[in-house]
Amino acid sequence: MISIIARVLSAIVSVYSILCFLRILVSWVPGFNLGRAGELLCAATDPFLDFFSRALPLHAGNFDFSPILALASLSVLNNILTALAFAGTISLGYILGMILSAAWSAVAFLISFLAVSALVRIIAYAARLNSTHPLWMVLDSMLNPVLYRINRLIYRNRIVNYLQSLVTGFAVLILLRVAGGELVRLFVRLLDALPI
């Protein structure tokens with residue numbers, strides 16, 4: 001009986017995840033109107049997505065990364081329900097491992113996004129592309145707070161040029177992504193081994 005209920009709930013969570021993902025995509029296109037279907041989509045998903053936007057404001061410049069956490073939470077719930085549907089029982093260690101993995105996935109995505117943005121900015125800077133273009137201004141508005149913290153930690157009060165700041169930030173972000181991934185994998189294995 002638990003297996004059947006878990007499968008039904010997993011299917012519902014999967015459908016809701018798709019709806020949330022569609023809502024996120026639609027929000028990227030200003031003025032895009034789906035009519036009544038769009039209104040229903042917004043009514044079904046906005047309260048959930050808005051909760052994450054208010055509770056965990058993850059804004060970098062004009063970008064809001066809180067939907068990543070919303071989708072990650074749905075993914076964790078779906079994975080727990082799927083495991084429950086097939087195994088019949090799950091351990092607390094498994095649930096904690098799933099939560100940790102999902103949280104790291106969201107953080108890893110953000111770190112990777114910032115690292116790629118820094119690399120693009122390094123290439124543009126080295127190629128001497130117009131630095132006043134709106135694209136570079138958007139990237140800089142996301143990167144500069146992160147670069148400031150990284151460079152302040154590494155260089156203390158020394159002044160560094162922008163290219164050095166970008167390269168240092170890129171290297172630290174890549175190192176953080178790799179080391180964090182290995183550390184999380186280790187903790188997940190330890191949590192999965194818990195007897196409870």
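The secondary structure of the protein, a predicted model, consists of six helices and two strands, where helices (H or I, at least four residues) and strands (E, at least two) are DSSP runs numbered from the N terminus. From the N terminus on, the elements follow the order α-α-β-β-α-α-α-α. Residues are numbered from 1 along each chain as its sequence is written, and side-chain values use heavy atoms, with hydrogens and water left out. Because the model is predicted, local features need pLDDT of at least 70 and side-chain atom pairs count only at pLDDT 80 or more, whereas totals for chains, interfaces and linings use all residues.

The overall dimensions were examined next. Along its principal axes, the C-alpha trace of the protein spans about 65 × 50 × 25 Å. Of the 196 residues, 31% count as buried; buried means under 20% relative accessible area, exposed over 50%, and partly exposed in between (1.4 Å probe, protein chains only). A contact requires heavy atoms within 4.5 Å. Among the contacts with a separation of 6 or more, 61% are made by residues 24 or more positions apart.

Two helices were compared with their expected span, which is 1.5 Å times one less than the number of residues. Helix α4 (92-126) has 35 residues and reaches 50 Å from its first C-alpha to its last, close to the expected 51 Å. This helix is followed by arginine 128, whose phi is positive, near 60 degrees. The buried residues of α6 include Ser165, Leu166, Gly169, Leu173 and Val188, and their cover includes α4 and α5.

The interior contains separate nonpolar cores, each a set of buried Ala, Val, Leu, Ile, Met, Phe, Trp, Tyr and Cys residues joined through side-chain atoms within 4.5 Å. The largest has 14 residues, and those with the most contacts inside it are Trp104, Leu143, Leu166 and Leu173. Helices α4, α5 (134-155) and α6 each supply at least two residues of this core, with α4 giving the most, seven residues. Apart from its neighbours within four places in sequence, leucine 143 is in contact with Leu114, Ser117, Ala118, Arg121 and Leu166. A second, separate core has 10 residues, including Leu49, Ala70, Leu74 and Leu81.

Individual positions differ in accessibility. Serine 66, in helix α3 (residues 66-87), is buried, with a relative accessible area of 1%. Leaving aside neighbours within four places in sequence, serine 66 contacts Phe52, Ser53, Leu56 and Leu58. Isoleucine 4, in helix α1, is exposed at 55% relative accessible area. The C-alpha atoms of isoleucine 4 and leucine 84 are separated by 9.6 Å, although these residues are 80 apart along the chain.

Salt bridges were identified as a side-chain nitrogen of Lys or Arg within 4 Å of a carboxyl oxygen of Asp or Glu, and by this rule the count is four. One of them joins the side chains of arginine 23 and aspartate 46 (2.8 Å, N to O). This pair links distant parts of the chain, with arginine 23 in helix α1 (residues 2-27) and aspartate 46 in helix α2 (residues 36-55), 23 residues apart. Arginine 23 is buried, with 17% relative accessible area. Another salt bridge, between glutamate 39 and arginine 36, has an N to O distance of 3.2 Å; both residues lie in helix α2, three residues apart, about one turn of the helix. Arginine 36 is exposed, at 55% relative accessibility. In the salt bridge of glutamate 182 with arginine 185, the N to O distance is 2.7 Å. These two residues are separated by about one helical turn because they are three residues apart in helix α6 (residues 162-192). Glutamate 182 is partly exposed at 47%, and arginine 185 is partly exposed at 45%.
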